[in-house]
Amino acid sequence: MADTAIPEGLLGADPDLNDVEALNVRVLTPFQMAWRRYWHHKGAAIATIIMTMLLIIVIFAPLTARYGINEQVLKIQEGNNVYLSPRSIAWMGTDEIGRDIYSRLIWGVRTSLFIGVTSAILSVIIGTTVGAIAGLRGGVFDDLMMRVTDIFLAFPFLVLVIVVRAALGNLPWLTAIIGDISSIRFLIVLFAIFGWMGVARLVRGQVLSLKEREFIEASRAVGASNTRIVLSHLLPNSIGPILVALTLSVAGSIIGESTLSFFGLGPQPGTNSTSLGLLVELSSSGAKQGNWWLVAFPCGALVLLVVCINFIGDGLRDAVDAKLDTGK
Amino acid sequence: MPSWIQVSEMTDPLLCLKDFAVSFRTPNGDVQAVRGVDISVAAGEMVGIVGESGSGKSVTFLGVLGLLPKSARITGSATVEGLELVGASNRTMRTVRGKKIAMIFQDPLSALNPVYRVGYQVAEMIQAHQQVSKSEALTRSVELLDIVGIPQPKVRARQYPHEFSGGMRQRVMIAMAIANDPEVLIADEPTTALDVTVQAQILEVVQRIQREMNKAVVMITHDLGVIARVADRVQVMYAGRVVERASVNDLFAAPTHPYTVGLLNSLPRVGQERLQPIPGRPPNMLRPPQGCAFRARCPHAAPVCAEKLPELQPHANSMTACVRINEIDVAEMSGITA
Amino acid sequence: MNAKSTPSSDAPVLEVTNLVKHFSVSGSKGIRKTRATVHAVSDVSFTVGAGQTVGLVGESGSGKTTVGRSVLRLTEPTSGSIKFKGQEIVGMKRGDLRKMRREMQIVFQDPQASLDPRLTVGSAVSEPLRIQRVPGKHSERVAELLELVGLAPDHARRFPHEFSGGQRQRIGIARALALNPSLIVLDEPVSALDVSIQGAVVNLLDDLQDRLGISYLFIAHDLSVVRHISDVMAVMYLGKLMEVGPAETIYTQPSHPYTQALLSAVPEPDPTTERTRQRILLQGDVPSPINPPSGCRFRTRCPIAKDLCAMEEPALIDRGAGHPVACHFPTTNLAEIVGAAAV
């Protein structure tokens with residue numbers, strides 16, 4: 001967008017009561033301008049459409065899925081239903097016990113999205129709070145928080161997650177609150193624990209750059225408390241990076257869950273649930289026999305999901321460009 | 001003989017803009033930043049370009065040097081020593097920038113690279129256009145720092161930009177600008193970001209260089225005091241056009257355009273009860289008004305002013321773009337209160 | 001307005017005594033960590049009377065902006081006393097300070113940065129009312145304030161980016177007026193505006209002062225504007241006051257060499273006088289406030305500095321000029337200084 005940057009001062013503001021020439025320029029709120037910029041991003045636009053369709057399919061799962069999560073495509077008596085290739089009764093084939101991949105995919109995406117979104121929201125809430133306080137307060141608290149995030153960020157994500165998972169999972173009092181080690185709840189909390197740091201950094205950076213701005217000082221001059229400044233001024237002006245962090249967090253969690261499941265550390269199969277990662281994991285044995293549909297569709301779905309989310313993140317980044325402040 | 005004719009006829013203009021126009025393409029339409037200006041500068045003279053925001057004064061010369069974003073569309077002609085710059089290839093422009101025309105920017109801080117020593121940066125400028133060895137370039141750069149009045153140039157050449165104050169940095173910028181002995185110097189608001197006492201020093205440096213090295217200098221500013229101090233001739237710009245062209249004495253003693261009058265009147269004067277700003281605002285260049293762009297704020301506006309874009313015409317010793325100049329007493333701005 | 005050369009006879013609205021503000025900065029020299037003190041404001045005292053305008057001028061490093069912000073306690077003073085309407089502000093508890101904040105407000109330089117881009121104009125102007133929990137319907141007050149500054153009430157629904165720089169400054173002024181303050185600190189309020197529009201905002205400030213009796217602390221570097229609007233002018237250099245007196249006198253008969261240099265450096269819009277006038281060209285740059293010169297801070301650039309100036313810091317007292325000057329050898333003779341500078 002830098003190519004179209006116009007030198008300052010060339011666009012006079014809207015005419016006021018004194019001007020002879022009335023210029024008919026539509027008045028836009030900052031939100032409307034951001035909306036426009038978002039849809040201008042082709043990738044984000046297409047990705048949003050795809051994601052919306054996906055979401056509709058996934059939310060209305062009982063209707064859109066053709067079979068139950070553990071339901072077999074055909075009754076045993078009716079014929080072989082194991083490792084069927086894609087055909088009319090099973091659009092994406094069946095797995096080793098005859099379950100429809102297509103339906104399981106829908107259920108799986110549903111779970112994965114749920115995990116991704118929830119843990120992302122949790123991360124963002126924690127991260128924003130910490131980042132905002134650290135940025136505003138500065139001093140010891142800031143130093144402490146930043147060192148903590150540094151430590152966490154220094155370890156390879158997956159290694160840390162596996163270790164911490166094992167450690168936390170063995171604490172009975174903890175599992176009582178957040179759920180069993182192999183439950184979805186546990187996983188969500190786990191990702192939230194590791195996801196907030198990036199958001200905190202981001203928000204802290206935003207707060208640091210904003211807090212010396214004069215409109216913040218003006219509020220202080222009137223007697224606004226720190227809380228008020230954070231809630232009414234700093235956060236609304238940081239929505240941009242926060243949104244972007246949110247989308248990236250979702251994508252990260254989905255990939256994280258898939259990876260954990262692949263290693264058998266994710267939500268366990270059986271109990272009427274499944275996830276994308278599980279689907280991929282379970283497919284590994286069957287795939288070796290040449291049943292390509294077991295791998296292709298789940299992996300394809302995973303890739304599609306993550307790519308779409310990333311594009312949406314890109315679009316959001318464009319939408320909340322710093323030019324939002326200049327309003328030119 | 002009018003002074004402005006004298007100067008430009010005595011020496012061939014080094015830099016000559018004819019009907020120079022710049023517009024920017026935006027999603028909302030075309031912003032016509034510069035709408036046809038004629039400016040010429042001869043060797044040894046300082047031409048002041050006065051204007052406020054939206055006048056297009058900086059955009060004009062950024063356009064001449066090809067320093068505008070890709071969304072800019074440039075038409076008309078701009079020649080330096082006869083070489084046409086509008087539509088010139090990148091290669092041609094690279095031989096022009098720094099060598100034939102050099103620019104001094106407003107903010108020296110951002111124009112200097114903080115990780116390189118100052119002497120090295122000046123030497124880099126030299127080596128970009130001249131075939132000299134590194135040590136020769138460095139020696140020359142120390143000489144240049146001395147010319148612009150930096151004390152202990154040899155020591156300071158080895159320092160980094162952050163060790164220099166604002167005024168000193170601006171001197172470094174000037175040194176870089178004259179490093180390759182360009183014929184034309186364009187100073188874009190070189191003193192606006194500086195303290196007033198430092199501003200005086202910088203203006204003295206620029207003026208000294210202009211005189212001693214016989215350079216053609218364009219001084220872009222919004223400060224009429226600066227114009228009064230250093231300019232020989234003045235072009236007043238408003239809404240992308242030149243509205244008045246005069247010698248510096250004539251401009252202040254007998255302005256011939258209502259905008260110039262308004263500008264002079266808006267400066268605080270002794271014993272004034274209230275200041276006299278020009279009411280209203282510069283027009284939106286997305287859709288500039290028909291005819292004279294100043295008529296919305298002009299106390300002498302009449303229907304004839306809306307008819308067509310006024311061209312510069314001679315009046316007394318100056319040139320003015322006011323079609324009603326012969327009918328009105330341009331100095332009469334009373335009745336305007338803000 | 002400019003005729004007032006004597007301070008108001010009522011009790012002063014603002015009394016600043018021995019204000020000091022030091023900033024601690026840490027840097028590194030190689031591996032070692034260095035600690036330095038920026039002496040931003042060193043022992044500044046002045047008063048602002050009711051309905052009076054005090055113009056504070058100085059260049060970068062003078063400390064004038066820090067003074068303005070310290071007065072409002074946006075920056076905590078290191079030491080000194082600030083009395084607002086007789087009440088000591090330094091050391092005041094949060095709760096009491098909050099109440100005082102109704103009475104003193106600030107208008108900033110940058111019209112773009114001083115308004116939250118996400119809030120409507122109406123929200124921005126009414127924010128002080130909400131923060132101070134002023135009862136009643138705010139929309140009426142907002143409309144009143146907007147009209148007071150020359151804007152239309154329905155502008156309240158719009159966003160800052162739809163307005164020009166001059167209009168945004170007016171919005172900033174409207175916001176500052178919301179709580180009916182007795183003192184407004186104006187930090188370079190017109191510097192970012194076009195010259196031909198500055199007058200409108202200055203006239204507005206004049207009118208508001210006439211109507212509402214507000215006092216102003218007008219901080220600026222543009223001497224001609226300050227001269228127009230101020231009753232009293234105070235010249236600062238490197239954290240100290242050099243000269244304080246009636247604006248007209250300071251402008252026409254400055255006694256301090258720095259004031260003389262400052263005034264002679266300002267370009268006048270008149271080519272004949274501008275090119276023939278005598279001018280003091282100061283050498284070098286403003287020294288760093290981290291290591292201010294001993295004795296008189298201006299002595300390193302002062303054309304008429306003598307030995308005494310390095311040894312003893314001149315006090316800010318009346319030395320015959322009728323107003324306080326901080327110089328051992330004050331003189332209104334410009335030629336003398338120019339002569340010394342040319343050597």
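## A tour of chains B and C

Chain B has 338 residues, for which a compact globule would have a radius of gyration near 20 Å, and its own value of 21 Å agrees with that; the radius is taken over C-alpha atoms, and the globule rule is 2.2 Å times the number of residues to the power 0.38. Before going further, note that this is a predicted model, in which local features need pLDDT of at least 70 and side-chain atom pairs count only at pLDDT 80 or more, while totals for chains, interfaces and linings use all residues. Residues are numbered from 1 along each chain as its sequence is written, and chains are lettered from A and ligands numbered from 1 in the order in which they are written.

**Select chain B**

Along its principal axes, the C-alpha trace of chain B spans about 65 × 50 × 45 Å. Its secondary structure comes to 12 helices and 12 strands, where helices (H or I, at least four residues) and strands (E, at least two) are DSSP runs, numbered from the N terminus. Of the 338 residues of chain B, 54% count as buried; a residue is buried if 20 or more other C-beta atoms lie within 10 Å of its own, exposed if 12 or fewer, and partly exposed in between, with C-beta atoms placed from the backbone. Among contacts in chain B between residues at least 6 apart in sequence, 67% join residues at least 24 apart, and two residues are in contact if their C-beta atoms, placed from the backbone, lie within 7 Å.

**Select residues 166-178 and 196-212 of chain B**

These are helices α8(B) and α9(B), whose axes come within 10 Å and cross at roughly 15°; the axes are lines fitted to C-alpha atoms, for helices over the stretch in contact, and angles run from 0 to 180 degrees between N-to-C directions. That angle makes α8(B) roughly parallel to α9(B), since angles under 35 degrees count as roughly parallel, over 145 as roughly antiparallel, 65 to 115 as roughly perpendicular and the rest as oblique. From α8(B), the contact is made by Gly166(B), Gly167(B), Gln170(B), Arg171(B), Ile174(B) and Ile178(B), and from α9(B) by Val198(B), Gln201(B), Ile202(B), Val205(B), Val206(B) and Ile209(B). These residues divide into 7 nonpolar, 4 polar and 1 charged, where Ala, Val, Leu, Ile, Met, Phe, Trp, Tyr, Cys and Pro count as nonpolar, Asp, Glu, Lys and Arg as charged, and the others, Gly among them, as polar.

Which loop holds Glu81(B)? Glu81(B) is in the loop between β4 (72-80) and β5 (83-84) of chain B, and its phi is near 50°, a positive value in a residue other than glycine. Most residues other than glycine have a negative phi. Glu81(B) is partly exposed, with 14 other C-beta atoms within 10 Å.

Gln152(B) lies in the loop between α6 (134-147) and α7 (153-157) of chain B, and its phi is near 50°, a positive value in a residue other than glycine. Gln152(B) is exposed, with 10 other C-beta atoms within 10 Å.

**Select chain C beside chain B**

Here 35 residues of chain C are in contact with 38 residues of chain B. On the chain C side, α6 (195-212), α7 (223-229), α9 (257-265) and α10 (271-276) each supply at least two residues, and the largest share, 9 residues, comes from α6(C). By class, this side has 16 nonpolar, 9 polar and 10 charged residues.

**Turn to chain C beside chain A**

Where chain C meets chain A, 27 residues of chain C are in contact with 27 residues of chain A. The elements of chain C that give two or more residues to this side are β6 (104-107), α3 (121-131) and α5 (165-177), and the largest share, 3 residues, comes from α3(C). By class, this side has 12 nonpolar, 6 polar and 9 charged residues.

**Finish at Ser42(C)**

Ser42(C) lies in strand β2 (residues 32-48) of chain C. Is Ser42(C) buried or exposed? Ser42(C) is buried, with 21 other C-beta atoms within 10 Å. Not counting residues up to four places away in sequence, Ser42(C) touches Val20(C), Gly239(C) and Lys240(C). The C-alpha atoms of Ser42(C) and Val20(C) are separated by 4.7 Å, although the two residues are 22 residues apart along the chain.
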